[in-house]
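Colleague: I am new to this structure. Please take me through its aromatic rings and one of its strands.

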Amino acid sequence: MNKPKIYIDGQEGTTGLEIHQRLAERDDIQLLSIDPDKRKDLTERKRLINEADLVFLCLPDAAAVEAVGLIENSHTRVIDASTAHRTAPGWVYGFPELYKDPAQTIGTARFVANPGCHATGFLAAAAPLAALNVLPRDYPLTCFSLTGYSGGGKKMIAEYEASNKGNELYSPRVYGTTLKHKHLAEMQKISGLEAPPVFCPVVDDYYRGMATTIQLHNRYLRGQPTARELSLILAAYYAKQPLVSVAPYSDQPAYLAANALAGTDRLELTVSGHEGQTIVTARFDNLGKGASGAAVQNMNLMLGFEETRGLVL
């Protein structure tokens, strides 16, 4: 049997490099390479895109749209890591754990949009509660999300790792203060909420790892569940998932380190609070389950491989 041919368009970026790292040692696929001098050559990129069975797009939004337009056949399949197609018609949103049958929904798709990192943490907590009718669709949800600086790409990485960086880079920095973050569209659409959450992202002086938290007043949830009950609801929802889990509930104070799952491709939810209020925190690696790990998980499903093959659990 011929090995599927895989091409990473935009391999030199942070996400592309991480995908390549996960695939480089696999013997069940064939990685197509582009001459470094031709990585911006439209003709050469077009040739490789059409030769491939599956293409990862690790490009800015406009370039990702352009790359899809280069496909001239009926077989090349695409996983787009950009924001360009996450709410676009004809594209399947690549969060396997949100589907009853991901092998069917994602496995048969031709075009898959990889989720955004902040959206991954938000949806891991909010989407199941909305789907189970615990979280009303008109709930005025709030969310804050702490991320390592690698999520900002090469320019931000260089700023944080410079020997002469300014004092402000040694502390957490709130951003997206216009409340128009590019992940909001997918956060609202995929969760099914009537309005996007009030969303506050924060970047801090560590390389990788995320802690994304939603905040809930339990009296406004259907059935008014306690924090402990919400933990059990989410644990049951994710019970058979290899890459998403729920930590055992505890009513004791705890520190939740945002980099606890750095270097892995899984996500863990921690539910905290009491009878009246709850927070649900998703911790994962912004370059793992938040980007490249999720992309490889989707590729495995699309090509009929074991879902977790090549991933770090």
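Modeller: A residue is called buried under 20% relative accessible area, exposed over 50% and partly exposed in between, with a 1.4 Å probe and protein chains only. This is a predicted model, in which local features need pLDDT of at least 70 and side-chain atom pairs count only at pLDDT 80 or more, while totals for chains, interfaces and linings use all residues. Residues are numbered from 1 along each chain as its sequence is written, and side-chain values use heavy atoms, with hydrogens and water left out.

Colleague: Is Tyr149 buried or exposed?

Modeller: The relative accessible area of Tyr149 is 8%. Buried means under 20%, so Tyr149 is buried.

Colleague: How many aromatic pairs are there in the whole structure?

Modeller: Rings of Phe, Tyr and Trp (its six-membered ring) pair if their centres lie within 6.5 Å; planes under 30 degrees apart count as stacked, over 60 as edge-to-face and the rest as tilted. A search of the whole structure gives 4 aromatic pairs.

Colleague: Of what kind is the pair of Tyr149 and Tyr207?

Modeller: The ring centres of Tyr149 and Tyr207 are 5.5 Å apart. Their planes stand at 80°, so the pair is edge-to-face.

Colleague: How many residues apart in sequence are the parts that Tyr149 and Tyr207 tie together?

Modeller: Helices (H or I, at least four residues) and strands (E, at least two) are DSSP runs, numbered from the N terminus. Tyr149 is in the loop between strand 7 (142-148) and helix 6 (153-161). Tyr207 is in the loop between strand 9 (198-204) and strand 10 (210-217), so the parts tied together are apart in sequence by 58 residues.

Colleague: Which strand holds Thr147, and is Thr147 buried or exposed?

Modeller: Thr147 has its place in strand 7. Its relative accessible area is 4%, so Thr147 is buried.

Colleague: In what sense does strand 7 pair with strand 10?

Modeller: Two strands pair if DSSP finds at least two bridges between them. Strand 7 and strand 9 run parallel, joined by 7 bridges. Between strand 7 and strand 10 there are 6 bridges, and the sense is antiparallel.

Colleague: Which residue of strand 10 stands opposite Cys143?

Modeller: In strand 9, the residue opposite Cys143 is Phe199. In strand 10, the residue opposite Cys143 is Ile214.
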